[in-house]
Amino acid sequence: AVGQRVLACPGMTEMAMTEGETRGLLGAGELEDIAVEAEKLLALDVKRVVFHLETGSVYGTAIAFPQIARSSNYNKVYVALWIRAWLALALNLFVQLSLVVFVGEATQIMNPLGGMMHLCNFGANLDTCKGPDEVVDGCVGPGGTQFAPPRLYGYTQWAVQKFTKQALLDVLPDKEDTINAKVDPGEYGIENFRCRLVCLFLFTLSVMHEIVTCLRMALLLWSVPSSGEKEMSWINLKHDGMFGKVVAKYRVGGMPLHWKIIVFLVVFLPKLALCHYVLLEGTLLLMDTSGILDSVLGALSMSFVLSIDEMLYDAMTSGAAASIMKKLEQALEEEELAHQKAEAAGRGQPKQTPFYSVAVLRQIIPLRVVSALVVMGLYVGRYYQFKCKYSEEHKLWVSKDMYTPTTSYYTLSDFLLNGFFQTVPHGTDPFWTMK
């Protein structure tokens, strides 16, 4: 009886029909509209506009304001904005490069002076290690003994404990057996190997944004015209007939060949080099960090270095300059929208993209994540190649022999060239070698 009353209710019948329609009873026209909308979504990932400018960074202002000053026939206001933009760029490069050099000094000078070897894979198999009484492949530490979870320490504590034991042996040589039995300095190694990999991946992923920005900057330099009076101007003057005013419209225009060369050398190459050295030093820092918390903080701190340009943009950009950059961003969006409308008008009836096409596969595969994994693999591989060696005896990647630097002075040339020519002087006898 209850079922009959429900069936007799007109509202319930209409609701059932509506639900049936949403479950797939769509007409041919509606399915066609959905297909058109799906093709538009695919088109979002294949934008044709190449006039992309980093409008929220000192790199973008360093590119834009010289061209705006040139388009204004070097008006003093625009020249002043140009000078300020390049001062901000110089300050940014100095700060970013200084921070990366300091990290390099810590890893290349201070760590070896403190007796630290490269971490490589010491402690990576900690869960399978049983301690000094049972030998397990891949479980030896830099002190030459077997790992066990209770014997794992950070480098500072391990070095102090090792020094204390050695001091007792030197002072009380007749108690050597008792000291060896009672005093255990432990071993130095990685607290969590998976944490290391996750931190490396997140750090590399954060740098990939800057690498993509560099590629877009290179595409901008390649694509903008190098001749043509109208195409070269970054300022368009439009007359308002109603109010009789002249309104300046800013846009990304062309660039003379000599300016392309200057921007390539002054803006693009330094930014690309910073990405490389941040990846290089950041990977070295994270690979030689043993603690879980230190690894997380290290990944965040190295990611921060490449975001300094945006912070300095907010601090060094005047209100006038920020207004122009915002108008440039709006012009880029308007140009992109007009280009998309023109493409849509000329495309006519959209084609049906097959599921196995590149456009659809791009919706499944995150290309930037895949690229980050590839870049991470390259820099981690470089670390193992230059800092570690594989021990057949211990079945483990261990640090290469470590030598004490003979100076604590670390210059920019050392930072740039030490990886190729070993410009940092060091002693001839290693202070640590794998036993």
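These notebook entries follow the cysteines and the nonpolar core of a predicted model.

**Ground rules.** I kept in mind that the model is predicted, that local features need pLDDT of at least 70 and side-chain atom pairs count only at pLDDT 80 or more, while totals for chains, interfaces and linings use all residues. I numbered residues from 1 along each chain as its sequence is written, and I took side-chain values from heavy atoms, with hydrogens and water left out.

**Disulfides.** I looked up the disulfides (a pair of cysteine sulfur atoms within 2.5 Å) and found two in the structure. Counting bonded cysteines along the chain, I noted the pattern 1-4, 2-3.

**C120 and C388.** I found the sulfur atoms of C120 and C388 2.0 Å apart, in a disulfide, and this link is left-handed, with -100° about the S-S bond. C120 sits in the loop between α5 (76–113) and β1 (152–153), whereas C388 belongs to strand β5 (residues 388–391), so that the pair links distant parts of the chain, 268 residues apart. For these elements I used DSSP runs numbered from the N terminus, with helices being H or I of at least four residues and strands E of at least two. I also checked burial, where buried means under 20% relative accessible area, exposed over 50% and partly exposed in between, with a 1.4 Å probe and protein chains only. C120 counts as buried at 0% relative accessibility, and C388 counts as buried at 2%.

**C129 and C139.** I recorded a disulfide between C129 and C139, with their sulfur atoms 2.1 Å apart. The torsion about its S-S bond is about -90°, which means that this disulfide is left-handed. Because C129 and C139 each lie in the loop between α5 and β1, the pair ties together parts that are ten residues apart in sequence. Both C129 and C139 are buried.

C195 is buried, with a relative accessible area of 13%. C275 is in no disulfide, the nearest cysteine sulfur being that of C214, 4.2 Å away, and C275 is buried with a relative accessible area of 2%.

**Nonpolar core.** I then turned to nonpolar cores, each a set of buried Ala, Val, Leu, Ile, Met, Phe, Trp, Tyr and Cys residues joined through side-chain atoms within 4.5 Å. The largest has 91 residues, and L53, F65, I68, F122 and L328 have the most contacts inside it. Helix α10 (residues 257–287) gives the most to this core, with 13 residues. Taking contact as heavy atoms within 4.5 Å, I saw that I68 touches Y78, W234, I235, Y250, I324 and L328, not counting residues up to four places away in sequence.
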